[in-house]
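This report covers the packing of helices against one another. Two packed helices are described by the angle between their axes and the distance between the axes.

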Amino acid sequence: MPTARFLVPALLALVFATDARADEAPPLTGASFMELDAMLPSLRGRPNEEFRVQGLKAYQQRHFDEAIARFELASGYADKYSQHYLSLIYWHGVGTPVDRVQAYIWSDLAAERGNPRLLAIREKMWAQLSSQEQARVPREGEAYYARYGDDVAKPRAEAEMRRFARDMTGSRVGYRNQRIETGGGPVNGVFLTEVGSNAAAYAVSVAGSPDELYGKEGGLRRLDGYWQEQDRLLDGTVEVGELETVRRGGRGPLDPRER
C-alpha cells in the first residue's frame, strides 16, 4: 500500500453537526496507530511530516495536550495539515477549551496557499464568529503569522531538511565532490521518492551531489517541488460539512430560535 496514504488525512472535514467533546474526538486520519508508528523512521529530515505523524499518534491515544504540542511544532515547519487539525481541535474544544478565534486563525493559516476547500472551511468559520470575535482576529492573528506563516515557516523547514541532508551525505573532512549514495529500503514494499516517502529525506532521494541538494539555487528548486507535492496531496482530501452553529463552550449546535 502506498506510503503517501498515511501522510495525508483520510478525512479533513469541518464537522459542525455534532458536539465534538474529548470523548467524541473527530477522527483526523484513517491510518491506524501501528501504521503511523511504522511511518516515523521514513520521515526523518522532514520535521513538518514527522511532527504531524507524532501528533496523530498522540491524538489517537487521547493524549490531546501532546497532540496539540506536536501539531504546533509541525505548523512551525509550514505543515498545512497540522494547522487544519488545530483549527478543528480548537473549534470543537477537543481536550482544550473551545476557542473560536484561535480556531479561525489556524484555519486561515491552513488555507494560506489557496486550497479551495480549506478556504471554504475558513469562510464557514468566519461566518459563525461574532462581530467581537471577528475584531479580535487581526489583533491576535499577527503573532501566529509571524511564527507559522509560510514566509517564515517554509525557510525554517528547508533549513532543517538541508541540515539533515548534509549530516547524512556530506563529507565531514571537507571533501565535497563525491556523489551521494542514498540508502534505505522501501517502506511497505514501495519506493515513492517523488513524494518523499523513501527512508531518506525527499531532497536526499533525488539529489546527485551535496551542492545540488542544498546549494543556493538547485536546492531551492528541489524543495519547491516538495511543497508542490505536499499541496497536491492535500487537494481533494478536504470535505466541507453542513453548516450548523456551534454553541460557545462546545455544548452542541444552537437551536435556530437561539441565534
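## Basis

The model is predicted: local features need pLDDT of at least 70 and side-chain atom pairs count only at pLDDT 80 or more, while totals for chains, interfaces and linings use all residues. Residues are numbered from 1 along each chain as its sequence is written, and side-chain values use heavy atoms, with hydrogens and water left out.

## H3 and H4

Helix H3 (residues 64-75) packs with helix H4 (residues 80-92) at an angle of about 140°, their axes 8 Å apart. Helices are DSSP runs of H or I with at least four residues, numbered from the N terminus. Axes are lines fitted to C-alpha atoms over the stretch in contact, and angles run from 0 to 180 degrees between N-to-C directions. H3 is therefore oblique to H4 (under 35 degrees is roughly parallel, over 145 roughly antiparallel, 65 to 115 roughly perpendicular, the rest oblique).

From H3, Ile68, Phe71, Glu72, Ala74 and Ser75 meet Ser82, Gln83, Tyr85, Leu86, Ile89 and Tyr90 of H4, contact meaning heavy atoms within 4.5 Å. By class, this contact of H3 with H4 has seven nonpolar, three polar and one charged residues (Ala, Val, Leu, Ile, Met, Phe, Trp, Tyr, Cys and Pro are nonpolar; Asp, Glu, Lys and Arg charged; the others, Gly among them, polar).

## H5 and H7

Helix H5 (residues 100-110) and helix H7 (residues 131-148) have axes 9 Å apart and an angle of about 50°, which means that H5 is oblique to H7. The residues in contact include Trp106 of H5 and Tyr144 of H7. In this contact of H5 with H7, nine residues are nonpolar, two polar and five charged.

Technical notes:
Helix = DSSP H or I, 4+ residues; strand = E, 2+ residues; numbered from the N terminus.
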